[in-house]
Amino acid sequence: MHSAPDTIFRTLADPTRRAIFERLAREGEQTVGALTSQSGVSQPAVSKHLAMLKLAGLVRDRPEGRLTHYSAEPQGLKPLIDWMALYGAFWRDRFDALENLLNRMDQ
Amino acid sequence: MTEFATTTRSLVVERDMPHPPEKIWRALTQAPLIEAWLMKNDFQPTVGHKFNFRAAPIHGWNGVTDCEVLEIIPCQRLVYSWNASGDQAPDGLKTIVTWTLKPSQNGTHVRMEQSGFRPQDDAGYRGMSGGWPRILGRLEDVAARS
């Protein structure tokens, strides 16, 4: 189940939360402790941000012993993909390829 | 968390091509020729035939499109469904692709309409073309608009 775009926008509107999400997306799985050391806010605050990111479907967690590892959910931003813009570019490109093929084909 | 709406939108791409409709029809309906300009496929020109288009997967997309031939009028009109596949099907795209060929002065007017885009398929995330770096680069813009 994906979150509505509004929920994702709202969740990522907070700069600290966005920074945490970007770090997970860029650097891969991390613990709360590792995230806290670079975030400039307290560990409970980081935990709270992670909980909201998880609720929005942007982050997933993997418990291992007493530690929980967090990672970015690759599917999380899917509701934001603009399929019409993507397919507009896609089909124009394919039309070019079709014309190239027609030029190479016999009658 | 679903906010379904009943209105859908269409995407139209059209172009005049200096080739006869019969030749273009072959490029649209013969699997090896389709692959040469579109994607790997197991298309057959039979109404009711179910087939796939297959591309390399990217982040957030498994690369597979589920299709079914819905209508065929040789050299004039070809309609097939164009849907998300597998575990991405329930929330994914459900569209219809309609090809129309009309003889024109110098060849054929080729029109492709992809219809059925729902508002939840289009959240205004312009210019995204796959991959985290680009998405991340735009998060700030996105957040600024919310």
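## Two helices crossing in chain A

Helix 2 of chain A and helix 3 of chain A make a right-handed crossing. Keep in mind that this is a predicted model. The two axes, for helix 2 (residues 15-27) and helix 3 (residues 32-39) of chain A, come within 11 Å and cross at roughly 125°. That angle is why helix 2 of chain A counts as oblique to helix 3 of chain A.

As for who touches whom, helix 2 of chain A brings A:Ile20, A:Arg23 and A:Leu24, and these meet A:Ala34, A:Leu35 and A:Gln38 from helix 3 of chain A. Sorted by class, this contact between helix 2 and helix 3 of chain A has four nonpolar residues, one polar and one charged.

## The sheet in chain B

Over in chain B, seven strands make an open sheet, ordered 1-7-6-5-4-3-2, with antiparallel pairing. Strand 1 (9-17) and strand 2 (40-41) of chain B sit at the edges with a single partner strand each, so each has one side left without a neighbour in the sheet.

Now for strand 5 (residues 77-84) of chain B. Six of its eight residues are buried, so strand 5 of chain B is largely enclosed by the rest of the structure.

On one side, strand 4 (residues 64-73) of chain B runs antiparallel to strand 5 of chain B and is joined to it by six bridges. One bridge pairs B:Thr65 with B:Ala84 in strand 5 of chain B. Strands 4 and 5 of chain B form a hairpin with three residues between them, and in the turn B:Cys75 has a positive phi of about 65°. Strand 5 of chain B also runs antiparallel to strand 6 (residues 94-104) of chain B, this time with seven bridges joining them. There, B:Leu78 is opposite B:Trp99 in strand 6 of chain B.

## Helices lying across the strands

Which strands of chain B does helix 5 of chain A lie across? Helix 5 (residues 83-104) of chain A lies across strands 1, 5, 6 and 7 (107-117) of chain B, and runs at about 20° to strand 1 of chain B.

Terms used:
Residues are numbered from 1 along each chain as its sequence is written. Chains are lettered from A and ligands numbered from 1 in the order in which they are written. This is a predicted model: local features need pLDDT of at least 70, side-chain atom pairs count only at pLDDT 80 or more; totals for chains, interfaces and linings use all residues. Side-chain values use heavy atoms; hydrogens and water are left out. Axes are lines fitted to C-alpha atoms, for helices over the stretch in contact, and angles run from 0 to 180 degrees between N-to-C directions. Helices (H or I, at least four residues) and strands (E, at least two) are DSSP runs, numbered from the N terminus. Angles under 35 degrees count as roughly parallel, over 145 as roughly antiparallel, 65 to 115 as roughly perpendicular and the rest as oblique. A crossing is left-handed if the near helix is turned anticlockwise from the far one by less than a right angle, and right-handed if clockwise. Contact means heavy atoms within 4.5 Å. Ala, Val, Leu, Ile, Met, Phe, Trp, Tyr, Cys and Pro count as nonpolar, Asp, Glu, Lys and Arg as charged, and the others, Gly among them, as polar. Buried means under 20% relative accessible area, exposed over 50%, partly exposed in between (1.4 Å probe, protein chains only). Two strands pair if DSSP finds at least two bridges between them.
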